[in-house]
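The sequence and the model are shown first, and the description follows.

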Amino acid sequence: MRLPQFYIDDIIKRALSEDINYIDVSTVYLFDEEKRADAYFVAKADGVLCGIEVAMRVFELLDPTFRAELYKHDGDVICKGDRIADFNGKACYLLQGERTALNLLQHMSGVATATAEAVKRIDGTHASVAETRKTLPGLRGLQKYAVTCGGGKNHRYNLSDAAMLKDNHIDAGGGIAATVEKLRQKAGHTIKIEVETRNLEEVREALRAKADIIMLDNMSIDEMREAVKLIDGAALTEASGNITAETIRPVAECGVDIISIGAITHSVKAMDISMKIQL
């Protein structure tokens, strides 16, 4: 998976504009613009690296003379103390870009690490791990990319990718059967329909409506196991809602196809990575 460069650059430019505004008073009065420096990134914790090229791009946009050597790449497992990259550039731009580069690198690595931990917990089962649309505004593409670096798979990117009929759609639309039928009359042939179900009766309704994907939302392990038996391969099954480190393995062992977890994007801890500069 590779994100478009214009998308990455747009995020970086917005972040730099927010941070620098029109002048960095800490550096412009301290350093001659041509003064160069060496710097490096070092891991301060174990995890899965993600966003190293995005971080390097921050400095490239500030300083066309910037050069770097990468020792670790996106998707690599890294350990505390690992040297991730060495780089050289104009000192003022290294200092101006430091926080933006680290914010992106640490957050993306945090997402990749959390995803990898979830994937490891269900190793040997049929299920895959996916994120949800509970992403930080403006950073969805970066977060979804980080999920893939951690070994997960992506859910829909936006509301245009697929039709997901959640409880409010169904309640407002007059029930599962009526809502799915109304949608099928208007939606194009390429659009898949996912139906959120809250109990076994709704699972049966979704089956009768021939949903492509049936979400098992906040169900108990016993309900989920029974739902998977009822569906019996007639639709993909997605478990969602309050998935934790303690419950993810039992959920996967129910036989579901996908486990979607909002926490791997909206509640991750940033990975501890430092930048050291040598003037």
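## Helix 1 against helix 3

In helix 1, Ile11, Ile12, Ala15, Leu16, Asp19 and Ile20 meet Gln96, Gly97, Arg99, Thr100 and Leu104 of helix 3, where contact means heavy atoms within 4.5 Å. By class, this contact has 6 nonpolar, 3 polar and 2 charged residues; Ala, Val, Leu, Ile, Met, Phe, Trp, Tyr, Cys and Pro count as nonpolar, Asp, Glu, Lys and Arg as charged, and the others, Gly among them, as polar. Helices (H or I, at least four residues) and strands (E, at least two) are DSSP runs, numbered from the N terminus.

Helix 1 (residues 5-20) and helix 3 (residues 91-121) pack at an angle of about 130°, with axes 10 Å apart. Helix 1 is therefore oblique to helix 3. Angles under 35 degrees count as roughly parallel, over 145 as roughly antiparallel, 65 to 115 as roughly perpendicular and the rest as oblique. Axes are lines fitted to C-alpha atoms, for helices over the stretch in contact, and angles run from 0 to 180 degrees between N-to-C directions. The crossing of helix 1 and helix 3 is right-handed; a crossing is right-handed if the near helix is turned clockwise from the far one by less than a right angle, and left-handed if anticlockwise.

## Basis of the model

The model is predicted: local features need pLDDT of at least 70 and side-chain atom pairs count only at pLDDT 80 or more, whereas totals for chains, interfaces and linings use all residues. Residues are numbered from 1 along each chain as its sequence is written, and side-chain values use heavy atoms, with hydrogens and water left out.

## Helix 3 against helix 4

Helix 3 also packs with helix 4 (residues 140-149): their axes come within 7 Å and cross at roughly 45°. That makes helix 3 oblique to helix 4, and the crossing is right-handed.

Leu104, His107, Met108, Val111, Ala112 and Thr115 of helix 3 meet Leu142, Gln143, Tyr145, Ala146, Val147 and Cys149 of helix 4. The residues of this contact divide into 9 nonpolar, 3 polar and no charged.

Four strands form an open sheet in the order 3-5-1-12, with antiparallel pairing; two strands pair if DSSP finds at least two bridges between them. Strand 3 and strand 12 (273-278) are the edge strands, each pairing on one side only. Neighbouring strands of this sheet are turned by 15° against each other on average, direction ignored.

Strand 1 (residues 36-43) pairs with strand 5 over 7 bridges, and Tyr40 stands opposite Asp86 in strand 5. Helix 3 packs on this sheet, touching strand 1, strand 5 and strand 12, and its direction makes about 165° with that of strand 12.

A second open sheet has 6 strands in the order 6-11-10-9-8-7, with parallel pairing. Its edge strands are strand 6 (128-130) and strand 7 (163-165). Neighbouring strands here are turned by 25° against each other on average, direction ignored.

Strand 9 (residues 213-217) and strand 10 (residues 236-240) pair over 5 bridges, with Ile214 opposite Thr237 in strand 10. Helix 8 (residues 221-231) lies across strand 9 and strand 10, running at about 165° to strand 9. Helix 6 (residues 176-186) lies across strand 7 and strand 8 (193-197), running at about 165° to strand 8.
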